[in-house]
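Work through the following exercises with the coordinates open. Each task is followed by a solution in steps.

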Amino acid sequence: DLPLSAYFVSKSLKLALDAGESGRVVRSLCWECANVASQGPTAEAHAMRLFHAAERLVQDGSTPYQRGLLKLARGSVHFNCGEWRAALATLLEAERIFDTECRGTNWELDTTRFLALTAAIDAGDMRLLSARTPGILPAAERRGNVFIEVSHGVQAGPIASLIRDDSATALAQATASIERWPRDPVSLQHIFALVWIPQIHFYRDDVPAAVDYIETTWARVVR
């Protein structure tokens, strides 16, 4: 629910500023930067002002967590401005920091990995996608992490299967994944399913199935 998440991100920034605790302000500025950046290139200047404000607060006294957040925020700006390769490089560095230098950052790590693999898809780095995807979904299943199972299950996982020319597995994984996700409210996972499930049908030369899925899902998304 992107509109609701935007509200809470902005509210957290206000509360952090009211509290005056620099660590909370840095974290909230980074999330607000990523939130603003999601509006696309027209919001880049605004997003970067937030990023630089967080960067100035951190300076030389940063913690690994703050460094990871700064990389994630900067990678989000690159990503939403269509700078896929710059986004990928920055997000992979954020992932490394969260994974090797921080504790208790599963959500940040999962979010960073999801965004990084999406950047890899957009950058056309199918080699990296193929190498990274097989280990992510089994790990998510072991942890019971439905967010990652579904998020990768409707995008990175099926694309990796298509790279192997296994469209049957791609379609089964994508449809099973989105069926596990709540129908309401419409979320990013529904949008990715709307993008990729028809693409799988097109790959299978099943145009009627692709059109039917688009028409059925689009009607629910825009209602």
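Helix H9 spans residues 156–163 and is mostly covered, with 7 of its 8 residues buried. The model is a predicted one.

**Exercise 1. Identify the buried residues of H9 and the helices that cover them.**

Step 1. The buried residues are Ala 156, Gly 157, Pro 158, Ile 159, Ala 160, Ser 161 and Leu 162.

Step 2. The cover over these residues includes helix H6 (106–123), helix H7 (126–143), helix H8 (146–153), helix H10 (167–179) and helix H11 (188–203).

Step 3. Leaving aside neighbours within four places in sequence, Trp 196 touches Ile 121, Val 154, Gln 155 and Ile 159. Ile 159 is one of the buried residues of H9.

Step 4. After H9 comes Asp 165, which has a positive phi, near 65 degrees.

**Exercise 2. Describe how H2 packs against H3, giving angle, direction, handedness and residue classes.**

Step 1. Two packed helices are described by the angle between their axes and by the distance between those axes.

Step 2. For helix H2 (residues 22–37) and helix H3 (residues 44–58), the axes come within 8 Å and cross at roughly 165 degrees.

Step 3. An angle over 145 degrees counts as roughly antiparallel. H2 and H3 are therefore roughly antiparallel to each other.

Step 4. The crossing of this pair, H2 and H3, is left-handed.

Step 5. On the H2 side the contact is made by Val 25, Val 26, Leu 29, Cys 30, Glu 32, Cys 33, Val 36 and Ala 37. These meet His 46, Ala 47, Leu 50, Phe 51, Ala 53, Ala 54, Leu 57 and Val 58 in H3. Sorted by class, the contact of H2 with H3 has 14 nonpolar, 1 polar and 1 charged residues.

**Exercise 3. Repeat the analysis for H6 and H7.**

Step 1. The axes of H6 and H7 are 10 Å apart, and the packing angle is about 150 degrees.

Step 2. That angle makes H6 roughly antiparallel to H7. H6 passes H7 in a left-handed crossing.

Step 3. From H6, the residues Asn 106, Asp 110, Arg 113, Leu 117, Ala 120 and Ile 121 take part. Their partners in H7 are Met 126, Leu 128, Leu 129, Arg 132, Thr 133, Ile 136 and Arg 143.

Step 4. The contact of H6 with H7 divides into 7 nonpolar, 2 polar and 4 charged residues.

**Exercise 4. How many aromatic pairs does a search of the whole structure find? Characterise two of them.**

Step 1. The search returns 4 aromatic pairs.

Step 2. Trp 31 and Trp 107 are edge-to-face, at 5.3 Å centre to centre with 70 degrees between the planes. Trp 31 lies in helix H2 and Trp 107 in helix H6, so the pair ties together parts that are 76 residues apart in sequence.

Step 3. Phe 79 and Trp 84 also form an edge-to-face pair, at 5.4 Å centre to centre and 70 degrees between the planes.

Step 4. Buried means under 20% relative accessible area. Phe 79 has 13% and is therefore buried, while Trp 84, with 28%, is partly exposed.

**Exercise 5. Is His 190 buried or exposed, and which residues does it contact?**

Step 1. His 190 sits in helix H11.

Step 2. The relative accessibility of His 190 is 3%, so this residue counts as buried.

Step 3. Apart from neighbours within four places in sequence, the contacts of His 190 are Ile 178, Trp 181, Pro 182, Arg 183, Pro 185 and Arg 220.

Conventions: Residues are numbered from 1 along each chain as its sequence is written. This is a predicted model: local features need pLDDT of at least 70, side-chain atom pairs count only at pLDDT 80 or more; totals for chains, interfaces and linings use all residues. Side-chain values use heavy atoms; hydrogens and water are left out. Axes are lines fitted to C-alpha atoms, for helices over the stretch in contact, and angles run from 0 to 180 degrees between N-to-C directions. Helices (H or I, at least four residues) and strands (E, at least two) are DSSP runs, numbered from the N terminus. Angles under 35 degrees count as roughly parallel, over 145 as roughly antiparallel, 65 to 115 as roughly perpendicular and the rest as oblique. A crossing is left-handed if the near helix is turned anticlockwise from the far one by less than a right angle, and right-handed if clockwise. Contact means heavy atoms within 4.5 Å. Ala, Val, Leu, Ile, Met, Phe, Trp, Tyr, Cys and Pro count as nonpolar, Asp, Glu, Lys and Arg as charged, and the others, Gly among them, as polar. Buried means under 20% relative accessible area, exposed over 50%, partly exposed in between (1.4 Å probe, protein chains only). Rings of Phe, Tyr and Trp (its six-membered ring) pair if their centres lie within 6.5 Å; planes under 30 degrees apart count as stacked, over 60 as edge-to-face and the rest as tilted.
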